[in-house]
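Please keep the sequence at hand while reading.

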Protein chains: 2
Amino acid sequence: MKALGVCLRLLSQAEAVAVDEALFQHFSVDSLMELAGLSVAEAIATHYEEASKVLCVCGPGNNGGDGLVAARHLKEFGFEPEVVYPKRSAKPLFQNLESQMREMRIPVRDNLPPDLGEFDVVVDAIFGFSFTPPVRPPFDSILRDLVESKVPVVSVDIPSGWHVEDGPPTSGLSLAPAVLVSLTAPKKCAAKFEGPHYLGGRFVPPTIFEAFGFSQPPFPKTSQVVRLA
Amino acid sequence: MKALGVCLRLLSQAEAVAVDEALFQHFSVDSLMELAGLSVAEAIATHYEEASKVLCVCGPGNNGGDGLVAARHLKEFGFEPEVVYPKRSAKPLFQNLESQMREMRIPVRDNLPPDLGEFDVVVDAIFGFSFTPPVRPPFDSILRDLVESKVPVVSVDIPSGWHVEDGPPTSGLSLAPAVLVSLTAPKKCAAKFEGPHYLGGRFVPPTIFEAFGFSQPPFPKTSQVVRLA
């Protein structure tokens, strides 16, 4: 993948898992999720500067957590986020994130709102790089509704329902996000994505780049996100 | 304190402690320290765009942690930070921060380097809003060396050695920082500071502004820091 003259190596699913494990030897999940979610919010604020209402659809794991953090920063940036979060986690980190939604007065729902058309952008923070098919309820019907809506979707790290390496499913409904925000490094499925593509994850130490043989292009100034394509 | 047409209420030491406790009912220390340190790094990258070598002097508590996080982001921003961290903490958060310094290849020392003149900026992340005099060793001699050096000092939240409410000490050496980066809200001692003044802490929920009766001016775009004066 060519970005800013730099050839970015795309990670396999196993590599993505291993990079994550390597990061967590030195960082707490809280710290990295904060920066990941901030980078997603910054990508949206940059790409959809004129947007107002943003719906963050959050899955049960860390990808969902990135979506919750992004919702909080979007609110700080002056957007009007709402959250769909059907499968909530009892872990303290996620209990904190839910509490932050209440304190920030960000509405949190269990289901998609009936009219997706009232939103300018939808954030797909449902599944990340640890996803393996099939998509289980209630996310199957949520994904179907997102596919059928006309609202532009920003996918966090992996377009939900896509195979992490092979890309869109070969049968059935397939999400076609308008924008992709890869985190740390694009995964192999990103080769099948042709729209605007951002990279977040300005926190990977050089030791991890060297150990896993990948890199990031230079980020602009103090930005947490860099546009790749 | 007048900033951008907004009158900012300055917090007492007891209020600063209470606001912090209120924040930690909803956020982990890790998340907020990440954003606080990022805001300090962003203020330095904005104010000292041409700087290269930055020395982050880190105290034993959370103010020191903000300094360690700032060092990491400064390295990401292309600066060459070094760290002085004489009193290290065994808490997992701080063990992680030390580990991050190693992975980021940021040198960490126990003492000030002999020639402060080789640095463009010094970050004073020694004491924060929970400081009560006197300054104890080894920070007394460190502060003396900072006062006597000609290197511009950026103080994080409180100029170290200052009384949180009353400002500079009435006797003995007194640190005169070039820049102040207040976090969450300026404390009362900020009334005695006349230089360039930034505010970080773009994470305070409206519920906490209302409960404690303070506010922040609008931050620009996706910035984690706003200039007050």
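For chain A, UniProt lists residues 11-216 as "domain: YjeF N-terminal", and the entry is an unreviewed one. The model discussed here is predicted.

**Helix 1 of chain A**

- Helix 1 of chain A runs over residues 13-23, and its buried residues are A:Gln13, A:Ala16, A:Val19, A:Asp20, A:Ala22 and A:Leu23.
- Among the elements that cover these buried residues are helix 2 (29-47) and helix 6 (206-212) of chain A.

**Relation of the two chains**

- Chain B is superposed on chain A by a rotation of 180° with 0.0 Å of shift along the axis, at an RMSD of 0.0 Å.
- The two copies are therefore related as by a two-fold rotation axis.
- The residue of chain B that comes closest to the rotation axis is B:Ser31, whose C-alpha lies at 2.5 Å.
- Both copies use the same surface, since 100% of the contact residues of chain B recur in chain A.

**The interface**

- In all, 31 residues of chain B are in contact with 32 residues of chain A, and the area buried between the chains is about 3000 Å², with carbon and sulfur atoms giving 52% of that area.
- There are two salt bridges between chain B and chain A, and A:Glu210 forms a salt bridge with B:Arg105, where the closest N and O atoms are 2.8 Å apart.
- Twelve residue pairs are in polar contact across the interface of chain B and chain A.
- On the side of chain B that touches chain A, helix 2 (29-47), helix 3 (62-76), helix 4 (92-103) and helix 6 (206-212) of chain B each supply at least two residues, and helix 2 of chain B gives the most, with seven residues.

Note on methods: Residues numbered from 1 in each chain as written. Chains lettered and ligands numbered in written order. Predicted model: local features only at pLDDT ≥ 70, side-chain atom pairs only at ≥ 80, totals over all residues. Heavy atoms only, no water. Buried < 20%, exposed > 50% of the residue type's maximum accessible area, 1.4 Å probe, protein only. Helix = DSSP H or I, 4+ residues; strand = E, 2+ residues; numbered from the N terminus. Contact = heavy atoms within 4.5 Å. UniProt positions renumbered as here; feature names shortened; annotations may be inferred. Least-squares fit on C-alpha atoms with pLDDT ≥ 70 in both. Buried area = accessible area lost by both parts, 1.4 Å probe. Salt bridge = Lys/Arg side-chain N within 4 Å of Asp/Glu carboxyl O. Polar contact = N/O pair within 3.5 Å; in protein donor to acceptor, adjacent residues only side chain to side chain.
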